[in-house]
Amino acid sequence: MNRKGVAVLAALALVVALAACDDGRDPLTIYSGRDEALIGPLLEQFADANDVDIDVRYGETADLALLLAEEGENTPADVFLSQSPGAVGFLANEGLLGRLSADELSAVDARFESDDGRWIGLSARQRVLVYNEELVDEADLPESVLDLTDETYSGDVALAPTNGSFQDFVSAMRQIEGEDVAAQWLSDMQANGSPTYADNSSIVDAVARGEVPMGLVNHYYNFRKLEEDPDAPSRNYVFPNGDVGSLLIASTASVLASTDKQDDAGMFIDFLLSDDAQQFYSDETFEYPLAEGVEPSADLPPLESLETPDIDLNDLGSLQETARLIEESGLL
Amino acid sequence: MSATTGDDGIVTQTSAESAPAPGPGRDRRRGSGLVIFVLAVAVLFAAPFLHLAVRSLEQAGTFVDEMTSTNALGSLGRSITLAAAVSVAAATIGVSAAWLVTRTDIPGRAIWRALLPVPLVIPSYIGAFVMIAAFAQGGALATMLSAFGVGQVSGFRGFFGSFVVLTLFTYPYVYLPVQARFRQLPSSLEESARLLGARPLGTFWSIALPQARGAIVAGGLLVFLYTVSDFGVVQLMRYDTLTRVIYSTRLIDSLTSVRLSLMLGILAIAVVVAERGFARRGRMRDPKREARPLQYRLGRWRPAATLSLAGIVGLALITPVAVCVWWAFRGVVRGDTPASEFFTSAADLVRPALNTSVAAVAAALTAVVLVAPVAYLAVRRPGRVGATASAIVLGGFALPGLSIALSLVYFTLSGASWIGGIYQTLPLLVLAYVIHFGAQAMNVAAVAVGSVPVRVEDAARTLGVSATQRLWRIELPLMLPGLMSGAGLVLMSAMKELPATLLLAPIGFETLSVKIWTGTESARFADASLACLALILTSGVLTWLLVIRRSDTLI
């Protein structure tokens, strides 16, 4: 290598060496499956207000759950924030999660926490039908997600069968409407020529472009899409009357059983359930705040008006069964 | 390369070689030292395979059934079909482009040479994302094209979409080694053929192509391994390959996921072994730079040839860059990202760019130091150790980044406490990159080792130069450009790596690929585009500084 090359390398090495020096305090370590743009500011607020150092590892919820399982008791993590109850169920099965305090659990409606106190819901997003208003008249949309198998919607409804939220929705349908209805719905959707996409963002994008007239997604993707591109013709439609198609899915917080910072972790969970933090969810991420007493964004129907059934989304066996049904339907 | 010679053969060969050298025992010592080093490297690279194998055999009773189920075999078949098709197409594009820029009077050769390798730095998930945005129904380019009466590019998904995108972003794996080979090859044979009346195309088929076979197969193999391990493109294009199943079952059915990952690794090793039989990389007889390399006049084919290169660069480089620039621009003008915030977010990328550079450069250099001896042993002293070690190193390229990361987590945390000390530090991340991408340096290094002419070494030996001196003063300088271009490939891959980076990087160590991911995750495309442009720029500058500028022979 020539001299300039060496100089470049030396400069880079120096920068990293300097960066590696920290003040040596032992911080509260958070693994977050929720993305930084969504939750970063909130975490900073906590650190500043309580003079607690925090370390955050961001990643995909499933990958972080696998990482925690591989790390076992040696994990540096104290708190795990998950996109959905499913991944938390996986960790609870492995015995890696501690029990939350009764005070914390009482802050949230029981349908948004685990029966044995291993996780608690912080915010919720809703399953909706996103549609292109240039291609579809809202009046023509059905009362229930179950009606999307009608041939009127042939080839029109985009699905993301590998997406965790879609799978949660199918699990809910199995529990509420029964195994047979869910299996039939999946195979009818497949027979109806429903195109499949990688994830929620891809569906919202495709709907906005007019590639497909509608698709099943979580509600806030379109809020973000419109923030980025205010002219996009994509709109959210909520199935009325507590239809299973408008299921609420909680994002959750858990404390690792192996933590030695029980106090800081508890303080952190309390903070996430505080009015300020819950208001942040409502204002900045367009999600439903789950702690009682905080109102959602004015653009959303109030939480109480949504009849979301009490169902169990964190049973791993149930998740595997859902995955099997989706695979058998040929949608994958 | 024959795998029949045993370890004994190696020792015999070294001692025979060292006969005229001053210190009789030295070559033998270097020989066994080399074998021990290579064995150690092989063990290191085998770690993820071991981890997967152990995990796969939990509930061993169902192992065979699951591996041979129709679902698994179907996905495997689709992975192989896609990878084979992409390899052939990438090889065709890579070889044609290499031939055009080295052997013809195509206009703007310096520009093509600078631009043709760059698509390799674009992460393929970004490539797919951008191509969908541009070409799928209602996309920017599709709308433009329809104004000219071109119908919708429908069906840009599934096999076809994956095939196009992967080909466009992997052809440089073939282009880079082949153009280097063409530039190094004596054109005297082609010259003679031409004097004897052969047409340009005829000499290309009968002379240039066979001479570049080793380089073509080596590059094609990398394309194959890259394609079977790719997840981003097939997921966005909805083509159901093995990686897609591995990904979608990783949490809810981790046993299946782990077993299919192992299957991917076994497939990779099988392909590597098959390739061995196919491409015998002999030593080159007489490599030298021509004072005035042979050039064909393209004549009336000039416009067509120029257009096809422009087409490739247009699709694989200009389109993604243009879409990224447009998204960044749109973020400033139309969304609610004000101009001031735009510059803040651009400034926020300096630190991640530095982090990315440091980790990737460290990985590139470490990879070369570790795998060059493997390549050296495999080429110079063919035998079981070299063959096995190089197959393991190459196989690592096909494993999912997630598997490599988790295996390193397992081995560092369950090992001695001093090993545990490197957990969640930069060295462990660098090690993950090395294991994942060392294959790229390995393949190129093998060509570099083979390119040191026998007669140079013979001459040195006759003059009584010791083996160590021969290595340091003669062979290494001759191999250096080749080794550095191998480092360049590792560098570009490490810069865009995501899954292992997310899990293994020290907390707070943000890289550009993490920034891109953060942006796309939250549908903030302006931020993601800026980070992507920064990645292309950083990667381009680093590769140019460290590799291209100083080794215009590139191998």
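How close do the axes of helix 3 of chain A and helix 4 of chain A come, and at roughly what angle do they cross? The close-ups below start there; keep in mind that this is a predicted model.

**View 1. Helix 3 and helix 4 of chain A, side by side.** Two packed helices are described by the angle between their axes and the distance between the axes. Here the axes come within 9 Å and cross at roughly 10°. Angles under 35 degrees count as roughly parallel, so helix 3 of chain A and helix 4 of chain A are roughly parallel to each other.

**View 2. Who meets whom between helix 3 and helix 4 of chain A.** Helix 3 of chain A brings A:Thr61, A:Ala62, A:Ala65, A:Leu68 and A:Ala69, and these meet A:Ala87, A:Phe90 and A:Leu91 from helix 4 of chain A. Sorted by class, that contact has seven nonpolar residues, one polar and no charged ones.

**View 3. Where chain A touches chain B.** Chain A puts 48 residues into the contact and chain B puts in 43. On the chain A side, the elements giving two or more residues include helix 1 (3-20), helix 2 (36-50), strand 2 (54-58), helix 3 (61-71) and helix 4 (85-93). The chain A residues split into 24 nonpolar, ten polar and 14 charged.

**View 4. Zooming in on B:Thr518.** This residue sits in helix 26 of chain B, residues 512-521. Beyond its neighbours within four places in sequence, B:Thr518 is in contact with A:Asp35, A:Glu36 and A:Ala37. B:Thr518 counts as buried because it has 21 C-beta neighbours inside 10 Å. Ten residues along the chain is B:Ala528, and the two C-alpha atoms are 7.3 Å apart.

Terms used:
Residues are numbered from 1 along each chain as its sequence is written. Chains are lettered from A and ligands numbered from 1 in the order in which they are written. This is a predicted model: local features need pLDDT of at least 70, side-chain atom pairs count only at pLDDT 80 or more; totals for chains, interfaces and linings use all residues. Helices (H or I, at least four residues) and strands (E, at least two) are DSSP runs, numbered from the N terminus. A residue is buried if 20 or more other C-beta atoms lie within 10 Å of its own, exposed if 12 or fewer, and partly exposed in between; C-beta atoms are placed from the backbone. Two residues are in contact if their C-beta atoms, placed from the backbone, lie within 7 Å. Ala, Val, Leu, Ile, Met, Phe, Trp, Tyr, Cys and Pro count as nonpolar, Asp, Glu, Lys and Arg as charged, and the others, Gly among them, as polar. Axes are lines fitted to C-alpha atoms, for helices over the stretch in contact, and angles run from 0 to 180 degrees between N-to-C directions. Angles under 35 degrees count as roughly parallel, over 145 as roughly antiparallel, 65 to 115 as roughly perpendicular and the rest as oblique.
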